Amino acid sequence: MQTNFKKNQLENPEINTSEKILRKCVHCGMCNATCPTFQILGDELSGPRGRIYLIKDMLENNKPANAKITKHIDQCLSCYACITTCPAGVDYLHLIDHGRNHVERTYKRPIFQRLLRNILAIVLPSPALFKLIAVVTNIFRPLMFLAPSNIKNMVKFMPKEFPKSKLPYNPVFKPKSKVVSKVALLTGCVQKVISPEINDSSINILTRHGIEVHILKDIKCCGSLTHHMGKEASAHKLIEFNIKKWHDLYEKENLDAILVNTSGCGTTLKDYGFIFRNHPDPKFRKKAKMISKLTKDITEYLDESIKLDFIESSKKKTYRIAYHSACSMQHGQKVHEQPVKLLNKTGNHIYEIPDGHICCGSAGTYNLMQPEIAGELLKRKVNNIQKINPDFVATGNVGCIKQISMGTKIPILHTIELLDWYTGGKKPDSIKS
Ligand code: SF4
Ligand code: SF4
């Protein structure tokens, strides 16, 4: 794509990067074919090619965003299916990030929207605050019929129960056997409030295979939620803090990896090096790169670095398991084969969901902010899952678990719960028979 940035514009490193991305696009429109919002809305500006043009126009002409542009940028799920499809290798991920930052800097949203976004940006990254709001919501739940529709939608996603972790808090979980490696585990923000069993299973399977697990208590939100809202300053504050903490731990313990069991967060951690590519301190740039390099999805690490001891599956019932590949995992991190390979080793029948490259509508805060599109995507996802008739669904992202469970009674589990069970851990509570 031809671009017409002026020389002084290209001196801005952010513009410079985006210009290089834009020049790669050959306008072929192949990305539209796999874009969920283009499929649903059928409008050029609701697909990746249209959004690329909108961002180019804003950046090139130094134009502030307006309500129309903001709508089309906001409708993007950041699912990155377009990146997987693009034959020219257009780095849409970093272009849309720049577009979102530009919108946030130059457009004043209507007050209610601003308020909602600010509340989400404060509440979701804080487990304690999220839990408090959920408790208060439960008290007022009977009165929710009086609330506006977008609040009602948000309340739908608030947990009614708060399951407890079966493991005591421990900064270091040591294996009973010889230590073969040491890792840090990111335990997530909302995840540890609504599904502590995911972290329990992660710790159990890792320690059972000789891996020492470090959990930094004061680690903050990975920054993903605010980063994808274009709230650059608050995201960077969280990320900088985490980079310093993890890097200190890496140096002290000689960590083999930082493991993530929430794939949305994993995609952001793997991007820390890029996010801070222009940081004035070269030492910090190096640290950010190192954290990205160390980051692995837990299934990626188990597949590549550990030989799991699967127990005899013939003793158990054989299940039909549908694998839902979270977008952040398959498109964001290009981790797809590894969890499928590991699940196949459990001896069950593993099925990939038809149109599995299409998002379920979860996408961070997307199902809260764009309920209509998210609801349509959920309907399509559940229809496709039902075609397989599975006993349950496995996936690697708590957001997808929550979203899909809103549309079906089929149990949804985290992949690591199954792998833990089939390597000697306890049977997940959600599997009844
Ligand atoms: S597929 Fe790639 S090159 Fe083609 S329009 Fe989309 S982003 Fe541009
Ligand atoms: S990230 Fe997803 S929703 Fe956004 S343009 Fe690409 S395919 Fe479409």
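## Nonpolar core

In this predicted model, the largest nonpolar core has 103 residues. Six residues have the most contacts inside this core: Val 183, Ile 258, Leu 259, Tyr 272, Ile 291 and Cys 359.

Take Ile 291. Leaving aside residues up to four places away in sequence, Ile 291 touches Ile 243, Trp 246, His 247, Ile 258, Leu 269 and Tyr 272.

## Ligand 1

Around ligand 1 there are 13 residues. Those that come nearest are Cys 25, Cys 28, Cys 31, Cys 86 and Val 90. The shell is made up of 10 nonpolar, 2 polar and 1 charged residues.

## Domains and their contact

The chain is divided into four stretches: domain 1 (7–106), domain 2 (111–156), domain 3 (172–303) and domain 4 (309–421). The centres of domain 1 and domain 4, taken over C-alpha atoms, are separated by 28 Å. Domain 1 gives 13 residues to the contact, and domain 4 gives 13 residues.

On the side of domain 1 that touches domain 4, helix H3 (36–41) and helix H6 (81–85) each give two or more residues. By class, that side has 7 nonpolar, 5 polar and 1 charged residues.

## Gln 9

Gln 9 sits in helix H1 (residues 7–10). Is Gln 9 buried, exposed or partly exposed? Gln 9 counts as partly exposed because it has 16 C-beta neighbours inside 10 Å; a buried residue would need 20 or more, and an exposed one 12 or fewer.

Gln 9 and Asn 61 are 52 residues apart along the chain. Their C-alpha atoms are separated by 9.9 Å.

Methods: Residues numbered from 1 in each chain as written. Chains lettered and ligands numbered in written order. Predicted model: local features only at pLDDT ≥ 70, side-chain atom pairs only at ≥ 80, totals over all residues. Near = placed C-beta within 6 Å. Nonpolar A, V, L, I, M, F, W, Y, C, P; charged D, E, K, R; others polar. Core = buried A, V, L, I, M, F, W, Y, C linked by C-beta atoms within 7 Å. Contact = placed C-beta atoms within 7 Å. Helix = DSSP H or I, 4+ residues; strand = E, 2+ residues; numbered from the N terminus. Domains from an automatic or database assignment.
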